[in-house]
Amino acid sequence: MPTVRNALIWDAGRDRAEYGDIVIKDGYISSITAPKEAEGSILYDCKGRCLVLPGLVNAHTHVSMTLLRGLGEELPLMEWLQKKIFPIEDRLTAENIRSGADLAIMEMIAAGITCFADMYYFMDEVAMAVLESGMRAALCRGLPGDNPVKLAENLALAKTYNGCEERITVQLGPHAPYTVPRPALEHIVETALDKNLGIQFHWLETKGELDSFRNEYKIEPADYLEQTGLLGVKELILAHCVWHPADQLSVVARDNVTFVHNPKSNMKLGSGYAPIKEFISSGVRVALGTDGAASNNRLDMWDEMRFAALVHKGYHLDPTIAGARGILKMATVNGACGAGFRDAGFIKAGQRADMVIVDMDNPRYVGCDPGNVPEFVVYAGSSRDVRATIVNGNVLYKDGKFNTLDSEKILAAASRDRRSLTS
Ligand code: NI
């Protein structure tokens, strides 16, 4: 059986990392032995100088927006969307969506990301990119407005790809409360319940959205979530949640609900600071995401972890907020659960063999030991240290080389599409 040898292994289920070998069978971790004891083929020999973490999960993004990276920098949100993003999005073809998705997947795999949650359109293209790359993903077709054609596309996506190769889950994707009229949202929720599908939804990204709830719709956000039935769907991924009132968290502290914190996108677009301390203390499951490459501009969960761990400390003048152990859990198991992969996110027997191998043989890791792994990863670590990315027991990336992607072809196609979209 394939093995990862002599690694320092960490996951959120333990307080300390331990040295050991990981034995993989049929895409799952079958056992963890003492170091240098496992037998079988060697996927990666860590030689006691690499760390193994559960695969990183980017729990909210729009992968094909890699083609829109750098456009309309530093504009206010609505001006950025209306003048720069929407006109190009109107012209995106299925081919563009694929080349943008391939580009994003290449960036993410090299950064140790094994799974992502995505909302966009021409999602069949994204699904095919996921399947061919070997990654794992939770996909939905973005549903703005009240549009039966788009909902039918989302349902067709679910029919074809939900559960595909056990690497894809499909949700319905009502875009946001400010773009989807309430009756249309309620219809989407009923459909999700009927088909046993989850939902991905942008939620209270900006203060204006909270003001609209209170001043126009005359309802508190928690009541809206309850009354529309959203809280009852299989898995509910709420992206951003920056302005979710800190005193309305008890209703969302449920096993089927995940808040996705996107600190860099929220800062770049001037949206604010999510009350993450209250999220955590209320027992809400919080995952981390990058959002699209046009508002981050990296698809790098190491960056996201670092920002998430630092920004709230500075903002609240409190170094005890958002500790590294919780942040690493957000970036791994919490994202995997949110995306509907309940058996991923830990490095232990019975879990999916999704992992990232990190080089400790570099200056940033001198002093890292079994007792302080999360702190080194979050505060000192970098995606530059990723040596290998493994999904379902398959090595997708190893020592700078992609096993499932043709990187030159992907860069050429994305560059060509970017030129044609902006010329
Ligand atoms: Ni988004």
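The structure described here is a predicted model, and its chain has a secondary structure of 13 helices and 17 strands. The radius of gyration of the chain is 21 Å, close to the 22 Å that the globule rule gives for 423 residues, so the chain is as compact as a globular protein of that length.

**The chain as a whole**

- Taken along the principal axes, the box filled by the C-alpha atoms of the chain is roughly 65 × 45 × 40 Å.
- Of the 423 residues, 60% count as buried, while the accessible surface of the chain comes to about 16,300 Å², with 51% of that surface belonging to carbon and sulfur atoms.
- When contacts between residues at least 6 apart in sequence are considered, 72% of them join residues at least 24 apart.

**Helix H2**

- Helix H2 covers residues 94–110, and at 1.5 Å a residue its 17 residues should span 24 Å, which agrees with the 25 Å that separates its end C-alpha atoms.
- Because 13 of the 17 residues of H2 are buried, this helix is largely enclosed by the rest of the structure.
- H2 is followed by Gly 112, which has a positive phi, near 85°.

**Helix H3**

- Helix H3, made up of residues 123–133, is mostly covered, since eight of its eleven residues are buried.
- The buried residues of H3 are Met 123, Glu 125, Val 126, Ala 127, Ala 129, Val 130, Leu 131 and Ser 133.
- The cover over these buried residues includes helices H2 and H4 (148–161), together with strands S7 (113–120), S8 (136–143), S9 (168–174) and S16 (394–398).
- Just after H3 comes Gly 134, whose phi is also positive, at about 90°.

**Ala 59 in strand S6**

- Ala 59 belongs to strand S6, which runs over residues 56–61, and with a relative accessible area of 4% this residue is buried, the cut-off for that term being under 20%.
- Apart from its neighbours within four places in sequence, Ala 59 has contacts with Ala 117, Ile 237, Val 260, Ala 287, Leu 288, Gly 289 and Gly 335.
- Between Ala 59 and Phe 307 there are 16 Å in space, C-alpha to C-alpha, although the two residues are 248 residues apart in sequence.

Note on methods. Residues numbered from 1 in each chain as written. Predicted model: local features only at pLDDT ≥ 70, side-chain atom pairs only at ≥ 80, totals over all residues. Heavy atoms only, no water. Helix = DSSP H or I, 4+ residues; strand = E, 2+ residues; numbered from the N terminus. Rg over C-alpha atoms; globule rule 2.2 N^0.38 Å. Buried < 20%, exposed > 50% of the residue type's maximum accessible area, 1.4 Å probe, protein only. Contact = heavy atoms within 4.5 Å. Areas by Shrake-Rupley, 256 points an atom, 1.4 Å probe, with all protein chains shown as cover. Expected span 1.5 Å × (residues − 1).
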